[in-house]
Amino acid sequence: QIYEPIERAQESKLKKYGYSVAWDSPLSTNKRQELLKHLIESGKITKGYVISYLKHNIKINGTKETNEFAVLKWKEDLDFVYKL
């Protein structure tokens, strides 16, 4: 598996497609994971990109106490994507 570096754009590719773990996001766990699966299977985003993106967010943002729920969601989504 080759992992792609995350571009340092203002907005990630995933966010442009509606992916969010924000507390006010309307996406449930199922909806987030359906979106990730669709993006990967349709070829819009690679599995490697998604894995790199989630690992990056966990590593960089995971140290902030206010992000504890976001980190749980990212880890859940990462486990899900690994199984695809």
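## Aromatic ring exercises

K13 sits over the face of Y49, 4.6 Å from the ring centre; a charge counts as over a ring if NZ of Lys or CZ of Arg is within 6 Å of the ring centre and within 35 degrees of the ring normal. Keep in mind that this is a predicted model, where local features need pLDDT of at least 70, side-chain atom pairs count only at pLDDT 80 or more, and totals for chains, interfaces and linings use all residues. Residues are numbered from 1 along each chain as its sequence is written, and side-chain values use heavy atoms, with hydrogens and water left out.

**Exercise 1.** Find how many aromatic pairs there are, and classify the pair of Y19 and Y53.

*Solution.*
- Start with the rule: rings of Phe, Tyr and Trp (its six-membered ring) pair if their centres lie within 6.5 Å; planes under 30 degrees apart are stacked, over 60 edge-to-face, the rest tilted.
- That gives two aromatic pairs.
- Y19 and Y53 are 6.1 Å apart centre to centre with 80° between the planes, so edge-to-face by the cut-offs.

**Exercise 2.** Work out how Y49 and Y53 pair up, and whether Y49 is buried or exposed.

*Solution.*
- The centres of Y49 and Y53 are 6.3 Å apart and the planes 25°, which makes the pair stacked.
- Both residues lie in helix α3, four residues apart, about one turn of the helix; helices are DSSP runs (H or I, at least four residues), numbered from the N terminus.
- Y49 is buried because its relative accessible area is 1%, and buried means under 20% (exposed is over 50%, partly exposed in between; 1.4 Å probe, protein chains only).
- Y53, at 11%, is buried too.
- Put together, Y19, Y49 and Y53 form one aromatic cluster.

Note on methods:
Helix = DSSP H or I, 4+ residues; strand = E, 2+ residues; numbered from the N terminus.
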